[in-house]
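This report goes through selected elements of one protein model, taking sheets, helices and side-chain contacts in turn.

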Amino acid sequence: LKPASEDAVLRYLSGGALPGCGKVTAQRLVDHFGVNLLDVLNSPDGAKRLMACDGIGVKTAQKLKTNWDESRGKRDAAVFLEKNGVPLALAQRAAAQYGPMTEDVIRANPFEALSAVRGATFHRIDALAARLGKPPDDPARLGAAIIEVLSASAVSNGHAYLPWKRIVDGVRILLGQSLMTDETSIQAAAEAIRLKGDIRVQRLPDPNARVGDGAIELFDGDWSTAALYTSAMHSAEVAVASDLTKRMMRPKLKVENDRVQRWLEAAAQKEGWRTLSESQEAFVRLAITSPVCILTGGPGTGKTFATHVIVRLMRAMGKSVVMCAPTGRAAQRLMEITTAGRDIANPITSSTIHRLLEFKAAEAMVAEGLDDDGPLQALSYKGRFIRDSKNPLQADVVVIDESSMLDLPLAAALLAA
């Protein structure tokens, strides 16, 4: 499968087919050799012929020829995928991951092989599987469809899990008229991916039970009462619940109430603050003594003013404070709240959660030779946070605005840090 035009050759080489050949070098070679460049690279005396191009010395020519020969297996794999309808960029990423074994691995199970490759959506993999002759009722296809239904429901509707009936209906809708899937086949596929660890299954909670009553019931084999999670979403939910529970079980922080009261009165007189309402004062005293607290309330109830007061008080108590929010606009608003439009010495900065946790995108991580954290990020972020439980935030107090906008994976990452 040979590129038919100079532009196609340029995109092919600068897209990663030839390691060490960037856009400038690729353009120079294409300008000189045109569409015959690949024939030159494939020839036994390719290094010598490359030196005929202006700007290509002996070392560069030898390096390009060596890299071209060594990457033949990956190129052949990318060609195999392209011939079967896979976009070039995705084909190259898959070939880079599996090397000369790409074709064998993907022919064996395209859903498993490509699910971890960035950009490989369910429908793209499904189309490839059909081209490779996989049957419509392939258990691997049904298992991948279950995971797709769970992931799409989490992204679109915020569901951490789905009951079994929703899974069956979702799989049938996703696969369309290609297969009138019987429930027994879907159950078998679900059991297979459960045993592999791709999903977690529990019994549906009792709708009549009060919150906090009893333990979560384990799956007993009855799919009609099953609740299915992706393993990533289940891990995130457990992490958030466990972290918050541990924080709430910590002892209350000790403060000198008289000093706090004197500070509140002095600050109110100096700044011209109105007197705190009973609920606002209760929040301030809760916030300075509790390991974790949540401030809620409708418009006009004083959340903004209470936040301004507590941040000023925490700093007066000598505590380091960082502020964050899910979006840039919310982060900017949070900073305006705490400064109240005044120029204050050593103001607190507010940032997005991604910036606070020092996010590295997947592309940057690949460039730096880092590994990402796997499928957990698939729902809300693609990459890794530098700040985590091993490299935590250096702060006594963390203020999070618009926390209801957090999804589980991002909340888990923030709490871990």
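## Helix α14 and Asp243

Helices are here DSSP runs of H or I with at least four residues, numbered from the N terminus. The model is a predicted one. In it, helix α14 covers residues 231-248, and Asp243 is part of that helix.

Asp243 has a relative accessible area of 19% and is buried, since the cut-off for buried is under 20%. Its side chain is in polar contact with the side chain of Arg247, at 2.4 Å. In general, an α-helix has 3.6 residues a turn, so residues three or four places apart point the same way.

## The antiparallel sheet

Three strands make an open sheet, ordered β1-β3-β2 and paired antiparallel. At the edges are β1 (162-163) and β2 (199-203), each of which pairs on one side only.

Strand β3 spans residues 226-230 and is joined to β1 by 2 bridges, the two strands running antiparallel. Leu162 has Leu228 of β3 as its bridge partner. Helix α11, made of residues 139-157, lies across β1, β2 and β3, and runs at about 80° to β3.

## Aromatic pairs

The structure contains 5 aromatic pairs. In one of them, the ring centres of Phe219 and Trp223 are 4.8 Å apart and the planes stand at 55°, so this pair is classed as tilted. An angle over 60 degrees would count as edge-to-face, and one under 30 degrees as stacked.

Phe219 and Trp223 are both buried. Ring pairs also bring in Trp164, giving a cluster of Trp164, Phe219 and Trp223.

## The parallel sheet

Another open sheet has 3 strands in the order β5-β4-β8, with parallel pairing. Its edge strands are β5 (350-352) and β8 (397-400), and each pairs on one side only. From one strand to the next, the twist averages 30°.

Strand β4, residues 321-325, pairs with β5 in the parallel sense through 3 bridges. The bridge partner of Ala325 in β5 is Thr352. Helix α17 (residues 303-316) packs on this sheet and touches β4 and β8. The direction of α17 makes about 150° with that of β4.

## Helix α21

How many of the 9 residues of helix α21 are buried? The count is 7, so that α21 (residues 408-416) is mostly covered. The buried residues are Pro409, Leu410, Ala411, Ala412, Ala413, Leu414 and Leu415.

These buried residues pack against α14, α19 (353-356), β7 (383-385) and β8. At the start of α21, a side-chain oxygen of Asp407 comes to within 3.0 Å of the backbone nitrogen of Leu410.

## Cysteines

The structure holds 0 disulfides. A disulfide would need the two sulfur atoms within 2.5 Å.

Cys21 is buried, its relative accessible area being 6%. Cys324 also counts as buried, because its relative accessibility is 0%.

How values were computed. Residues numbered from 1 in each chain as written. Predicted model: local features only at pLDDT ≥ 70, side-chain atom pairs only at ≥ 80, totals over all residues. Heavy atoms only, no water. Buried < 20%, exposed > 50% of the residue type's maximum accessible area, 1.4 Å probe, protein only. Polar contact = N/O pair within 3.5 Å; in protein donor to acceptor, adjacent residues only side chain to side chain. Phe/Tyr/Trp six-rings, centres within 6.5 Å; stacked < 30°, edge-to-face > 60°. Pairing = 2+ DSSP bridges. Contact = heavy atoms within 4.5 Å. Axes fitted to C-alpha atoms, helices over the stretch in contact; angles between N-to-C directions.
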